[in-house]
Amino acid sequence: MGRFLRSSRRAPAQTSRLLRLYRLALYLYPATFRRAFGEELWQTARDAHEVALAESAWTVALLWMAIGADLLRSALPERINAMRRALLLVAVMTCISGITSVFASLNLYLLEDANPLTTAAFGSSPLLRVSYDAAYLSALVAGVGLCAIVAYAAFGAHAAVAWVLAVLALLVALAGFGGLLARAPLSFVSLFAAFAGLTLLSVFAGWRVAGRLRRSNSQRRSAVAGACAGAGVALLVNALAITLHTLALNPVSHPLYMQGQIPGTHLNALLIGMVLDLALLASYGACLLLSPIAGRSGSQQRSR
């Protein structure tokens with residue numbers, strides 16, 4: 001790694017912006033890969049850039065499109081190979097569960113938002129209103145958690161990554177319910193407080209898990225596992241909220257619930273979303289519980 005950084009510092013001051021960006025993009029590879037091939041990749045890209053620059057701007061554009069595509073195609077497999085299989089399984093299951101939760105919450109939102117039956121249903125049962133908001137907010141937090149998993153896997157446990165994720169969480173909150181700030185400020189404040197509270201709870205859970213695993217794992221692996229645990233808190237809240245909401249609608253008889261009926265079948269989109277959410281959450285929880293055990297056993301085997 002030191003040799004790679006020293007070669008980067010010796011690069012001439014006139015190095016193009018594209019080459020500087022490529023130097024940063026090489027950090028998408030694991031540290032061991034950069035130590036072995038980072039300098040070679042950098043020199044190859046620099047030489048190819050100089051040749052393309054002597055021809056035309058179009059040649060330069062085609063070159064960097066090819067280099068970027070190759071980088072994205074090869075960096076992810078290297079990252080996967082650098083991760084333990086148990087942790088990789090946890091990350092994959094977290095992402096699958098997160099995507100499912102987001103789609104289940106989106107389905108709930110599309111069925112009930114601006115629906116004339118929603119106002120009457122929420123007025124008769126406060127639980128429906130609370131569970132509806134909880135499902136929506138937890139899906140937003142889970143989405144940020146999935147971004148955290150990808151960011152830590154790609155760039156490691158750096159402070160800059162944490163700050164970027166904090167800004168992303170704020171942008172997600174403003175995009176999710178920022179429109180209420182002008183027409184219903186009290187509702188915005190309450191939703192933002194709930195969003196911030198769940199986000200902090202997820203961060204705390206991830207911090208605790210990462211701290212426990214850091215003794216027997218690298219910082220990157222610990223950060224990824226922590227991000228999975230943090231996202232799991234939001235996924236748990238989402239699954240509970242969707243389950244409570246679906247059951248509170250008194251399935252099969254409530255008019256609002258029947259809005260989710262799939263035409264020509266006996267299936268209901270709300271019920272399908274709830275079942276998938278719970279099933280994937282259970283699978284994710286089992287994988288998450290196995291990850292720390294795998295980390296400790298791997299460390300013990302190396303010590304022997």
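Biologist: Let's start with a cysteine: is C228 buried or exposed?
Modeller: C228 counts as buried, because its relative accessibility is 0%, where buried means under 20% relative accessible area, exposed means over 50%, and partly exposed is in between, using a 1.4 Å probe and protein chains only. Please keep in mind that this is a predicted model, in which local features need pLDDT of at least 70 and side-chain atom pairs count only at pLDDT 80 or more, while totals for chains, interfaces and linings use all residues. Residues are numbered from 1 along each chain as its sequence is written, and side-chain values use heavy atoms, with hydrogens and water left out.

Biologist: OK, and how many disulfides does the structure hold?
Modeller: The structure holds zero disulfides, a disulfide being a pair of cysteine sulfur atoms within 2.5 Å. C95 is in no disulfide, and the nearest cysteine sulfur to it, that of C228, is 6.9 Å away. C228 is likewise in no disulfide, with the sulfur of C95 as its nearest cysteine sulfur at 6.9 Å.

Biologist: What about C95, buried or partly exposed?
Modeller: C95 is partly exposed, because its relative accessible area is 23%.

Biologist: Stepping back, how many helices and strands are there?
Modeller: The protein has 13 helices and zero strands, where helices (H or I, at least four residues) and strands (E, at least two residues) are DSSP runs numbered from the N terminus. Taking the protein as a whole, 41% of its 304 residues count as buried.

Biologist: I'd like to see how a few helices pack; how does helix 7 cross helix 11?
Modeller: The axes of helix 7 (residues 126–155) and helix 11 (residues 219–248) come within 8 Å and cross at roughly 160°. That angle makes helix 7 roughly antiparallel to helix 11. The crossing of these two helices is left-handed, and the residues of their contact divide into 26 nonpolar, five polar and one charged.

Biologist: What span should helix 7 have, and how far apart are its end C-alpha atoms?
Modeller: At 1.5 Å a residue, the 30 residues of helix 7 should span 44 Å, and its end C-alpha atoms are 43 Å apart, which agrees; the expected span is 1.5 Å times one less than the number of residues. Helix 7 is followed by G156, whose phi is positive, near 85°.

Biologist: Which residues of helix 10 are buried?
Modeller: The buried residues of helix 10 are F188, L191, F195, L198, T199, S202, G206, A210 and L213. F204 also has its place in helix 10, but F204 counts as partly exposed because its relative accessibility is 44%. The C-alpha atoms of F204 and G230 are separated by 7.4 Å, although these residues are 26 apart along the chain.

Biologist: Back to helix 11: is A241 buried or exposed?
Modeller: A241, which lies in helix 11, counts as buried because its relative accessibility is 5%.

Biologist: Last one, where is W42?
Modeller: W42 has its place in helix 3 (residues 31–53), and W42 counts as buried because its relative accessibility is 2%. The C-alpha atoms of W42 and R23, 19 residues apart along the chain, are separated by 6.8 Å.

Conventions: Axes are lines fitted to C-alpha atoms, for helices over the stretch in contact, and angles run from 0 to 180 degrees between N-to-C directions. Angles under 35 degrees count as roughly parallel, over 145 as roughly antiparallel, 65 to 115 as roughly perpendicular and the rest as oblique. A crossing is left-handed if the near helix is turned anticlockwise from the far one by less than a right angle, and right-handed if clockwise. Ala, Val, Leu, Ile, Met, Phe, Trp, Tyr, Cys and Pro count as nonpolar, Asp, Glu, Lys and Arg as charged, and the others, Gly among them, as polar.
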